[in-house]
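Please find my notes on this model below, as numbered points. They keep to what can be computed from the coordinates.

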Amino acid sequence: MKLEKTHNPATNEALLAAVLNDPLPLADITMETRRLFEGIKQLPKEQPKSRRKTASEWMWSIFSKPYSIYDDHQYREFIENRQVVPDWKPGLDRQYEKLEKAAGRIVNVKDFGAIGDGLMDCTTAFERAIGTGNVTVFIPPGVYVVKGIRLPSWTRLAGAGKGVSVLKLHDQAAKRQRLVTNLDHAKGNHHISVENLSLDWNVERLGKVRKTATGGTYSSCLTYANVTFGWVKKVEAANPGLHCFDITSPYYNYGGDGRRARSGSRYVWLDETTGHGFGDDGITTHHSDYIFISNSFFCDPSGRSHKRGFSNSNGIEIDDGSRFVWLVNNSTARCFGGVEIKAHAESSAATGVFISGHLSVNDNRSYNFRHIGHHRAGDPQSVSAYNILAQRLVSIAPVFTELYRQSTPRALVVSAYRNVVVNRFLFVGDKQYDYRDNPAAAVQFKARRVVLANGAVTGFKTASSDISIAGGRQGAADVQVRNIHSIQSAEKVVAVGKGNRRTVVEAVRQERSSRG
């Protein structure tokens with residue numbers, strides 16, 4: 001299987017259904033995943049305290065607030081149109097109806113002087129068309145060059161389709177420039193939607209510079225910072241210096257585990273978004289709550305926001321300080337990570353993530369759940385890396401990559417997280433590929449209370465094992481591996497590290513022959 005840049009992510013659900021071929025209805029799978037999670041979930045009675053902070057973390061913490069793993073709303077999910085959606089989506093749909101009414105006045109940006117010839121600077125025309133909001137700005141077919149667009153509240157920016165209506169960043173735009181963002185990061189904005197168009201960050205304007213991003217929340221195609229009620233629908237993003245789409249707070253924050261940035265975004269839905277050529281990540285979230293990402297596809301990052309050979313460029317990354325995120329029927333190809341749920345050592349890990357359906361093709365690490373700096377025996381326990389529920393995950397032929405040369409291929413890695421369920425999965429290796437005696441999937445580095453259930457692994461002939469459960473001082477604990485079918489794959493199905501006495505392995509079947 002190969003997913004090209006032109007892949008239509010609206011077909012993800014059908015592809016997943018065909019590959020998984022699971023007769024169990026989606027509602028039943030979702031209930032099963034929840035039951036497995038409730039069976040292992042243990043939460044501290046109060047938010048754990050983090051380790052002593054460094055001087056840098058103390059400085060950052062001045063601009064942060066406490067982080068909690070608890071959801072006051074206790075949102076879950078339900079089935080709508082054969083798709084898992086969060087409980088709060090109907091409320092968001094009602095907010096979109098309010099936006100449609102408030103932005104009922106529709107204007108054509110050409111009537112304000114824009115010319116979609118790919119040459120003329122149309123920035124002023126867009127500013128005039130947008131005004132102070134309460135408007136839908138229609139972008140007809142063409143390529144519109146701008147130096148950046150900022151959207152006030154109650155604004156819709158709508159084109160005639162991906163690849164038809166294109167916003168392109170001006171050749172003279174600074175490296176730090178965002179192509180589209182909301183107007184007021186400090187005070188925040190609300191009710192903003194960008195729909196049916198392509199965003200071209202025009203990285204070629206920078207020439208042969210090695211690093212394409214300046215740091216912070218800059219250099220992306222679309223940034224929602226401190227936005228409540230936001231939508232991104234059927235939008236393509238190409239070649240950003242940093243991210244295709246960043247749902248975030250005004251500033252990233254490194255105030256230590258147990259802290260997060262102020263003024264994050266809330267209630268944002270990205271649907272049928274696509275992107276390629278990104279310097280860091282396709283979609284990323286930071287310090288934001290209640291995010292829904294569905295039917296989207298990201299591939300072929302440039303990795304140029306990182307040092308060469310150390311590009312942690314993920315298709316979808318749920319990063320520092322993010323909480324309560326739903327990922328449904330997405331796909332990725334040829335990234336470092338397909339889906340990475342993580343945090344840097346100096347920040348709080350993402351928590352409360354639900355994945356239902358993801359197709360990863362030729363990513364180095366299809367599913368990578370980790371809290372950096374909280375892995376090793378001497379590292380402090382993460383106080384934030386909790387609660388991941390994942391179902392219907394498919395990994396197709398993970399590979400070594402020039403993006404991150406030292407990273408070995410994995411279908412799944414779980415490190416430092418607690419309360420993790422991966423249910424109804426399929427990991428498919430290339431039986432001709434040299435996996436260099438590395439495991440196909442690994443639960444390691446202080447992970448706790450992890451369940452891998454009802455899965456199949458096939459084709460990892462040269463792997464050391466299909467599933468590795470680490471032992472030792474920095475090993476995993478309280479891991480359950482249940483109902484796993486290994487088909488023409490590694491010689492060892494489940495390898496449990498020395499000294500690991502708290503792993504349960506049940507109902508493991510293996511089909512393996514010397515040929516094929």
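1. Asn454 is found in strand β32, residues 448-458; helices (H or I, at least four residues) and strands (E, at least two) are DSSP runs, numbered from the N terminus. Asn454 is not a glycine, yet its phi is positive, about 55°. Asp437 also has a positive phi in a residue other than glycine, near 65°. Asp437 belongs to the loop between β30 (426-428) and β31 (441-444) and counts as exposed at 55% relative accessibility. Here buried means under 20% relative accessible area and exposed over 50%, with partly exposed in between (1.4 Å probe, protein chains only).

2. On provenance: this is a predicted model, in which local features need pLDDT of at least 70 and side-chain atom pairs count only at pLDDT 80 or more, while totals for chains, interfaces and linings use all residues. Residues are numbered from 1 along each chain as its sequence is written, and side-chain values use heavy atoms, with hydrogens and water left out.

3. The largest nonpolar core has 90 residues, and Phe126, Leu199, Phe245, Ile341, Phe369 and Tyr417 touch the most other members. Such a core is a set of buried Ala, Val, Leu, Ile, Met, Phe, Trp, Tyr and Cys residues joined through side-chain atoms within 4.5 Å. Another core, of 23 residues, lies apart from it and includes Phe37, Trp88, Leu92 and Val328. In soluble globular proteins, nonpolar side chains tend to be buried together.

4. Ile341 is in contact (heavy atoms within 4.5 Å) with residues including Ile318, Val353, Ile355, Phe369, Ile388 and Tyr417, leaving aside those up to four places away in sequence. Asn368 and Arg370 are also among the residues that Ile341 touches.

5. One aromatic cluster is formed by Tyr75, Trp88, Phe229, Tyr267, Tyr290, Phe324 and Trp326.

6. Two charges sit over rings. Arg205 lies over the face of Trp201, 4.2 Å from the ring centre, and the charged end of Lys233 is over the ring of Tyr96, 3.7 Å from its centre. The criterion is NZ of Lys or CZ of Arg within 6 Å of the ring centre and within 35 degrees of the ring normal.

7. Asn312, in the loop between β21 (297-299) and β22 (314-318), counts as buried at 10% relative accessibility. Beyond four places in sequence, Asn312 touches residues including Asp280, Asp281, Glu317, Glu340, Lys342 and Arg370. Tyr251 is in the loop between β15 (245-248) and β16 (259-261) and is exposed, with a relative accessible area of 64%. Leaving aside neighbours within four places in sequence, Tyr251 is in contact with Thr217, Ala261 and His287.

Methods:
Phe/Tyr/Trp six-rings, centres within 6.5 Å; stacked < 30°, edge-to-face > 60°.
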